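Trainee: Please go through this model with me, starting with the ligand.

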Amino acid sequence: MIRPMTEGDLNGVLAIERLSFSSPWTYDNFLYELRNNPFSSCFVYEEDGKVLGYAMMWTLFEDGDITNIAVHPEYRRKGIAQSLLDELFSKAKAAGLEYLHLEVRVSNEKALRLYEKNGFETLRIRKGYYSDTNEDAYEMWKAIGGDHDEDPGNRIEL
Ligand code: COA
């Protein structure tokens, strides 16, 4: 089941975050998103009372930014990230958003395949975007509604 994230989920969320990222968000980072960031939408995928994954999005005017998505390593490749993305797409459409953006490490093949499968295209490379390793990011976007008269820019082929 996918439902909005609550503060009671944060221990489970943090465990997945630490298993998933070299520079994990902290408890306080998540708490800020839940308590203080009115632009943030946070969802968890829960099964039998256990958090198996989560996804987060910021909404600013007609744009959405996917800020975080991760699945517990023991439950990967079962379609959980896909379900979470579908939830974000549906919320984004319901909110009348035009575009979804995200950044992803250029070495993150699994995430790149996930986003490409879902119609995201690469807009540009952001040099040294990740300060922990100085790794570059692909900035990706996907049009999700409206007329899209304003193209956000030239795509690059991966
Ligand atoms: N190799 C290649 N493609 C993969 C993949 C892998 N190991 N894992 C997922 N994908 C792609 C595939 O296109 C897959 O579709 P398919 O199964 O029909 O081939 C699609 O993603 C959906 O897979 P799904 O099972 O929903 O993904 P998941 O639940 O395993 O979660 C991640 C995918 C990326 C969220 C997960 O690997 C993860 O948590 N990674 C660490 C955190 C992270 O990197 N987050 C992204 C930050 S930008």
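Trainee: How far is the polar side-chain atom of R76 from an oxygen atom of the ligand?
Mentor: The separation is 3.3 Å, between a polar side-chain atom of R76 and a ligand oxygen, which falls under the polar-contact cut-off (a pair of N or O atoms within 3.5 Å; within protein, one must be able to donate a hydrogen and the other to accept it, and residues adjacent in sequence count only if both atoms are side-chain atoms). Bear in mind that this is a predicted model, where local features need pLDDT of at least 70 and side-chain atom pairs count only at pLDDT 80 or more, while totals for chains, interfaces and linings use all residues. Residues are numbered from 1 along each chain as its sequence is written, and side-chain values use heavy atoms, with hydrogens and water left out.

Trainee: Which atoms of R77 and A81 lie by the ligand's oxygens?
Mentor: For R77, a backbone N or O atom lies 2.6 Å from a ligand oxygen, and for A81 a backbone N or O atom lies 3.0 Å from one. The protein buries 79% of the 920 Å² that the ligand exposes when taken alone, with areas from the Shrake-Rupley method and a 1.4 Å probe.

Trainee: Which residues around the ligand come nearest?
Mentor: I69, R77, G79, N108 and K117 do, out of 21 residues around the ligand, where being near requires a heavy atom within 4 Å.

Trainee: And which element gives the largest share of that shell?
Mentor: Helix α4 does, with six residues, and β4 (63–71), α3 (80–94), β5 (99–105) and α4 (109–117) each supply at least two; these are DSSP runs, of at least four residues (H or I) for helices and at least two (E) for strands.

Trainee: Changing topic, how many salt bridges are there?
Mentor: There are twelve, counted when a Lys or Arg side-chain nitrogen is within 4 Å of an Asp or Glu carboxyl oxygen. One of them joins R126 to E103, with the closest N and O atoms 3.1 Å apart. Because R126 lies in strand β6 (residues 121–130) and E103 in strand β5, the pair ties together parts 23 residues apart in sequence.

Trainee: What does the side chain of R3 contact?
Mentor: R3, in strand β1 (residues 2–4), has side-chain polar contacts with the side chains of D9 at 2.7 Å and E46 at 2.6 Å.
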